[in-house]
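Have the viewer open while you read.

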Amino acid sequence: MSDVIVQVSDLHKSFGHLEVLKGIDMEVRRGEVVCVIGPSGSGKSTLLRCVNVLEAPNSGTVVVNGFELTDPDVDIDKARRAIGMVFQGFNLFGHLSVLDNLTVAQRKVLKRDKAEAERIALDNLTRVGLAEKAGSMPAQLSGGQQQRVAIARALSMDPAVMLFDEPTSALDPELVGDVLAVMRTLADEGMTMLVVTHEMQFAREVADTVLFMDGGVVVEQGPPNQVIGDPREERTQTFLARVLNPVHVNE
């Protein structure tokens with residue numbers, strides 16, 4: 001079995017006349033955490049959405065866990081079962097309890113029986129520190145708790161890779177730490193993760209590889225101590241200077 005879980009080759013994506021991705025090459029190996037950083041509008045989220053073909057690339061290939069998702073003949077539903085996705089918004093079913101949010105896809109897609117689905121759901125709620133909220137409705141939870149439920153829901157599908165699209169950007173600052181702590185634990189457990197994030201400290205501490213994107217291309221990539229700690233490209237240096245030293249904003 002290949003050690004490469006995600007392989008993106010010469011990926012292009014346009015919206016009308018706007019070319020958002022301009023030939024992206026990247027890979028994520030088994031057990032690796034890859035963080036994608038860069039300014040708004042650089043194509044980070046579009047890249048993530050192309051990895052599970054929520055957005056259809058114009059050209060290039062995306063292979064995840066042995067399935068070429070860009071092949072028109074691929075069984076896309078089967079291929080997507082290997083991919084867990086956590087969005088900026090929580091996307092929980094408001095009319096279902098937390099437990100039911102975690103079991104509905106298990107039962108419908110993976111054909112697990114109710115008892116097995118609930119056992120797996122409770123195990124994953126325990127992993128994110130929310131076992132006591134199984135009977136709660138999403139509206140009764142804080143934003144941070146809802147995002148942790150969304151992570152547990154994705155984990156309940158036994159994904160080969162977890163995709164995170166700025167999972168803390170919609171949260172109040174005091175709730176960010178709980179979500180990042182769960183992600184740190186997943187990384188420590190060996191979960192393969194592709195994370196679009198503006199949390200530089202998280203990327204520095206947890207990532208194996210950091211990609212800096214700007215203008216639809218990967219400007220620089222490498223270990224975090226190089227890309228964040230000692231960037232070689234001037235564009236990376238400028239971005240990080242603004243993000244890590246947000247002073248003189250009124251000048």
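F239 counts as buried, at 9% relative accessibility; buried here means under 20% relative accessible area and exposed over 50%, with partly exposed in between (1.4 Å probe, protein chains only). F212 is buried as well, with a relative accessible area of 0%. Before going further: this is a predicted model, so local features need pLDDT of at least 70 and side-chain atom pairs count only at pLDDT 80 or more, while totals for chains, interfaces and linings use all residues. Residues are numbered from 1 along each chain as its sequence is written, and side-chain values use heavy atoms, leaving out hydrogens and water.

Back to those two phenylalanines. Searching the whole structure turns up 1 aromatic pair. The ring centres of F212 and F239 are 5.2 Å apart with the planes at 35°, so the pair is tilted. For the bookkeeping, rings of Phe, Tyr and Trp (its six-membered ring) pair if their centres lie within 6.5 Å; planes under 30 degrees apart are stacked, over 60 edge-to-face, and the rest tilted. The pair links distant parts of the chain, 27 residues apart: F212 sits in strand β9 (residues 209-214) and F239 in helix α9 (residues 234-244). Helices (H or I, at least four residues) and strands (E, at least two) are DSSP runs, numbered from the N terminus.

Now for two helices, with the expected span taken as 1.5 Å times one less than the number of residues.

| Helix | Residues | Length | End-to-end C-alpha distance | Expected span |
|---|---|---|---|---|
| α4 | 114-127 | 14 residues | 20 Å | 20 Å |

Which residues of α6 are buried? They are L175, V176, V179, L180, V182, M183, L186 and A187. These cover an arc of only 155° around the axis, which puts them on the same side of α6; the arc is that of the directions from the helix axis to the C-beta atoms. E174 and D188, on the other side of α6, are exposed. The buried residues of α6 pack against several elements, including α4, α5 and β7 (161-165), where contact means heavy atoms within 4.5 Å. After α6 comes G190, with a positive phi near 95°.

In α4, the buried set is A117, I120, A121, N124 and L125. Their arc is only 140° around the axis, which puts them on the same side of α4. A115 and T126 are exposed on the other side. The cover over the buried residues of α4 includes α3 (98-109) and α5 (143-155). At the start of α4, a side-chain oxygen of D113 comes within 3.3 Å of the backbone nitrogen of A115. G129 follows α4, and its phi is positive too, near 80°.

Two asparagines are worth a click. N101, in helix α3, is buried at a relative accessible area of 0%. Its side chain reaches the backbone nitrogen of F93 at 2.7 Å. Not counting residues up to four places away in sequence, N101 touches L92, F93, L96, P138 and R153. N52 is in the loop between α1 (44-51) and β4 (59-64), and N52 is buried with a relative accessible area of 5%. With the neighbours up to four places away set aside, N52 touches L69, R80, I83, M85 and L163.

Methods
A polar contact is a pair of N or O atoms within 3.5 Å; within protein, one must be able to donate a hydrogen and the other to accept it, and residues adjacent in sequence count only if both atoms are side-chain atoms.
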